[in-house]
Amino acid sequence: NLSFEFEVLHTAPADVETGPADGVYVFGLYLEGARWDVDSWMLADSQPGKMYDLLPLIHFKPAVGHKQAPETYACPVYKTAVRKGVLSTTGMSTNYVVPVELPTDCAEQKWILAGVAALCNLTD
């Protein structure tokens with residue numbers, strides 16, 4: 001069963017000169033419903049009046065039999081903020097991409113109830 005492990009990197013995207021030996025670096029995902037706390041390096045409550053927050057560079061690493069760590073939130077990633085799409089033949093929405101595990105010191109249920117998601121694009 002092939003899946004991904006995720007590492008939120010402290011590296012600025014402009015400082016990346018080559019790709020990783022395995023996997024891919026992803027930059028440009030926006031958090032909706034939460035923010036990325038650069039001091040604690042984990043999810044945090046949104047700032048008042050700020051809907052979106054840019055996530056740092058994330059390393060998607062292929063992993064066999066990976067299990068989600070308990071101190072992470074499986075944040076759903078969508079192509080657009082609409083969060084809906086046509087159901088494909090696999091039964092998944094065409095707008096849904098993948099869950100990205102983000103570090104948190106709160107129960108995962110908090111972020112689920114808040115509707116926290118990552119978005120590839122802020123417009124349709």
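Tutor: Helices and strands are taken here as DSSP runs, numbered from the N terminus, and the model to which we apply this is a predicted one.

Student: In what order do the elements of the protein run from the N terminus on?

Tutor: The order is β-β-β-β-β-β-β-β-β-α-β, and the secondary structure comes to one helix and ten strands.

Student: How should I read the radius of gyration of the protein?

Tutor: It is read against a compact globule, which with 124 residues would have a radius near 14 Å; the protein has 15 Å, which agrees. The C-alpha atoms fill a box of roughly 40 × 35 × 30 Å along the principal axes.

Student: Which residues touch the most other members of the largest nonpolar core?

Tutor: In soluble globular proteins, nonpolar side chains tend to be buried together. Here the largest nonpolar core has 20 residues, of which L31, L55, I58, V100 and L102 touch the most other members, while β1 (2-8), β7 (58-64), β8 (72-78) and β9 (96-103) each supply at least two residues of this core. Beyond its neighbours within four places in sequence, L31 is in contact with residues including W36, L55, C75, L102 and V116.

Student: Is β8 largely enclosed or largely open, and why?

Tutor: Six of the seven residues of β8 are buried, so β8 is largely enclosed by the rest of the structure.

Student: In what sense does β8 pair with β9, and in what sense with β10?

Tutor: With β9 the pairing is antiparallel, over seven bridges, whereas with β10 (residues 117-119) it is parallel, over two bridges. Y78 has Y96 as its bridge partner in β9 and stands opposite L119 in β10.

Definitions and conventions: Residues are numbered from 1 along each chain as its sequence is written. This is a predicted model: local features need pLDDT of at least 70, side-chain atom pairs count only at pLDDT 80 or more; totals for chains, interfaces and linings use all residues. Side-chain values use heavy atoms; hydrogens and water are left out. A nonpolar core is a set of buried Ala, Val, Leu, Ile, Met, Phe, Trp, Tyr and Cys residues joined through side-chain atoms within 4.5 Å. Buried means under 20% relative accessible area, exposed over 50%, partly exposed in between (1.4 Å probe, protein chains only). Helices (H or I, at least four residues) and strands (E, at least two) are DSSP runs, numbered from the N terminus. Contact means heavy atoms within 4.5 Å. Two strands pair if DSSP finds at least two bridges between them. The radius of gyration is taken over C-alpha atoms; the globule rule is 2.2 Å times the number of residues to the power 0.38.
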